Amino acid sequence: MSSEVRVRFAPSPTGYLHIGGARTALFNWLFARHHNGKFVLRVEDTDKARNTEEAAAAIYDGLRWLELNWDEGPHAGGDFGPYFQSQRNEIYERALKKLRDAGHIFEDAGALRFRSPRERVIVDDIVCGKIDFDLSNEETHPDMTIRRPDGSWIFHFVNVVDDIEMKISHVIRGEDHLSNTPKHIELYRALDATPPQFAHIPLIMNRDGSKMSKRDQGASVAYYIERGFLPQAVRNYLCLLGWSPKDDREKIDIDEIVRLFELSKVHRNPATFDPDKLHWLNGEYARELSDSEFHERAVAALRAAGIKIDTYPNEYVRAALETCKGKINVFDELPAYAGFYFADEISYNPEGVAKNFTPENKPRLQAVRDAFAKIDNFTAAEIEATMKSVAKNLGVKVGAIVHPTRLAVTGSNAGPSLYHLLEVLGKEKVLARIDRAFATF
């Protein structure tokens, strides 16, 4: 085994990048970076019927989005390629010959099978501890097929051969692979290779205790890209699924996680995926974005939602989006939160209408409208002073006129700071919207 830390992520390109796969890649990447080692991306594409170029691209895109740069692999090269199993047939043939020459292979109905030594195998796992597997019973542990009758290779065999050839020092993968490990160790020994160190990380579960499957919403990395999550927030959250810094912190810079990351700190128990916590954490990161980065992402989110912001002056768009910074957690919330800025006509929240467009509020809103019409300098400060004055004259609290005014100009009960959004909309548009609202009372 190499003295250098060499780890790998070896996905099959049969679908999108699953959140569990992304977490496995992340833990490998963290371990490699912590030890100044190498992170290898290897594509297990021997299943020709199910593998697609699109699925491979989705894996590359997802890893790049999470900023998990690989040192060797597709698009990166390296000394141990090819990094696609479909291109490594000669290597597998050599390993098969070695096993066959040593008497480890027999044929069974056209398939080639590995003759198990029928022994106990102890897996000394960094996360799970020592586990004693008894492979002596042929009924419960039949001899493993390594090549199908059609000539295609079985995952277990090529996986082990690749790890030997690529000098992988640590295999970090999901706990669902733990039961395969003793069979893999038998293959290492038969090929006269020292097995790597194994670390089987806990599975990711839904909040109801079920295993997170490909069908679950949020199981794909693409889901977070499309919704406008921030990669640094998703990556931070994935770090906390099975690992922690031991001090209850939840928002941690990736450089510090690299410094702190050790497999010995990975939990044994399953990790629970909490969408609400990720939503909150994303908001924490969104609040730290620079004004220019927030603006760029916000514009992209609005365009993706079909909102024609390009028909508005740049100054207006920038001012409108400034009122939203720090107020949303995920960028796909922006169209509902700020869409009123970029609409000729707005619709009103039905609950808000029932609560705020009442007979007693109509004269109050009229008083607000009349006062707004007299403001020469339509700034947030002037608007606030005017509304307080109107409320005092009406003998009501400011909130009594704030809510119907907000609903009249935005169509919603919640949103950016009222005084600032009114300034951005401008006096003419505000008066027109209040006038239109009267028709619904």
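Helices and strands here are DSSP runs, numbered from the N terminus. The model is predicted.

Q: Which helix gives the most residues to the lining of the largest pocket?
A: Four elements each supply at least two lining residues: strand 1 (6–9), helix 1 (19–34), helix 4 (155–165) and strand 8 (170–174). The largest pocket holds about 1100 Å³ of space. Its lining has 39 residues, and those closest to the centre are Ala-10, Pro-11, Ser-12, Asp-176 and His-177. The top contributor, with five residues, is helix 1.

Q: Why is helix 17 (residues 418–425) largely enclosed by the rest of the structure, and which helices do its buried residues pack against?
A: Six of its eight residues are buried, so the rest of the structure largely encloses helix 17. Those six are Leu-418, Tyr-419, Leu-421, Leu-422, Val-424 and Leu-425. They pack against helix 11 (314–322), helix 14, helix 15 (380–394), helix 16 (398–410) and helix 18 (427–438).

Q: Which side chain of opposite charge is nearest to Arg-364?
A: Arg-364 sits in helix 14 (residues 361–373). Leaving out residues up to four places away in sequence, Arg-364 touches Leu-394, Val-396, Ala-400 and Ile-401. A salt bridge needs the charged atoms within 4 Å. Arg-364 is buried without a salt bridge, and at 4.1 Å the nearest side chain of opposite charge is Glu-360.

Methods: Residues are numbered from 1 along each chain as its sequence is written. This is a predicted model: local features need pLDDT of at least 70, side-chain atom pairs count only at pLDDT 80 or more; totals for chains, interfaces and linings use all residues. Side-chain values use heavy atoms; hydrogens and water are left out. Buried means under 20% relative accessible area, exposed over 50%, partly exposed in between (1.4 Å probe, protein chains only). Lys and Arg count as positive and Asp and Glu as negative; His and the chain ends are not counted. Contact means heavy atoms within 4.5 Å. On a 1 Å grid over the protein atoms alone, a cavity is a set of points where a 1.4 Å probe fits but cannot get out, and a pocket is an open set with protein on both sides within 12 Å along at least five of seven lines; lining residues have an atom within 4 Å of a point. Grid points are joined across faces, edges and corners, and a volume is the space filled by probe spheres set on the points.
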